[in-house]
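Thanks for passing this one along.

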Amino acid sequence: MPFENIVGNDKIKDLLTETINSGKILHSYMFIGIEGIGKKMIATEFAKMILCNAKNQSKPCLICKSCIEFLNNNNPDFIEINPDGNSIKIDQIREMQNKILEKPIISDKKVYIINDSEKMTKEAQNSLLKTLEEPPNFVVIILITSNENLILNTIKSRCTKLNFSKLSKEQITNILNENISVNLLNASEGSIRKTTSNKKK
Ligand SMILES: [Zn+2]
C-alpha cells in the first residue's frame, strides 16, 4: 500500500495513487487544508512516487537511485521552497525559475513543493504565475496552503485543487498512540499539530 504510514484523507491518497498508476500526472497541484493534517507528508510521499525510477508500481520501490537519494534527503530532482522569515519572496521564486528548465538528474521528472504557499508575496505569486502558465513538461509543482484566500485566483485556476479533511478523533488518538481527553480533542479541531501543542500547555 502506498501512503501506508500516513493516517487520514484516504480519498486523496487513492486519487494520487491512481494518478501514478495511470501515468497521468498533472503539472500543478494545490493541497488545501488546515495545518497539522498531513498535507506535507502526503505531498512528500507523492513526490517520492513520481520520482521513483521503478515504473508501473503503485508505491515507491525504495531501492532505486531516486528513492535512495530521496530517503537521504539528497535527491536533486526534489526541491522544497519554504518561507524565508515571514514570507516567500520573489527572489526565491526567481531562483527556482532560473533552474527550472534544467533537466532532471536522476529521474525523468522534477518535483517542486512550495510550503505555506499563501506566504508568497504578491510579487512572488505574479512571478510564479508565468511558470504555472508554461511549465517545462518534466516539472510537477505542488503548492501547499492552509489559507487559499491569500492566493491569487489566477494561480488557483492553474492548479488542480485537492481539499484535505480534518482528522477524526479516532485517527488522532491512533497517530499519537495514547489516551487523549475528549476536551483536548475537541479543542484541537482535527489537527495533529494543535493536539500536540495544546497538550504541552
Ligand atoms: Zn524507486
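1. The crossing of α4 and α5 is left-handed. This is a predicted model, so please read everything below as computed from it. On the α4 side the contact is made by I90, Q92, I93, R94 and Q97, and on the α5 side by E123, A124, S127, L128 and T131. By type, these contact residues comprise four nonpolar, four polar and two charged.

2. Now the geometry of that pair.

3. Stepping back to the whole chain, the protein has nine helices and five strands. Read from the N terminus, the order of elements is α-β-α-α-β-α-β-α-β-α-β-α-α-α.

4. How does the radius of gyration sit against the value for a compact globule? For 201 residues such a globule would have a radius of gyration near 17 Å, and the protein has 17 Å, so the two agree. The C-alpha trace spans about 50 × 40 × 30 Å along the principal axes.

5. Two last figures on packing. Of the 201 residues, 33% count as buried. Taking contacts between residues at least 6 apart in sequence, 76% join residues at least 24 apart.

Methods:
Residues are numbered from 1 along each chain as its sequence is written. This is a predicted model: local features need pLDDT of at least 70, side-chain atom pairs count only at pLDDT 80 or more; totals for chains, interfaces and linings use all residues. A crossing is left-handed if the near helix is turned anticlockwise from the far one by less than a right angle, and right-handed if clockwise. Helices (H or I, at least four residues) and strands (E, at least two) are DSSP runs, numbered from the N terminus. Two residues are in contact if their C-beta atoms, placed from the backbone, lie within 7 Å. Ala, Val, Leu, Ile, Met, Phe, Trp, Tyr, Cys and Pro count as nonpolar, Asp, Glu, Lys and Arg as charged, and the others, Gly among them, as polar. The radius of gyration is taken over C-alpha atoms; the globule rule is 2.2 Å times the number of residues to the power 0.38. A residue is buried if 20 or more other C-beta atoms lie within 10 Å of its own, exposed if 12 or fewer, and partly exposed in between; C-beta atoms are placed from the backbone.
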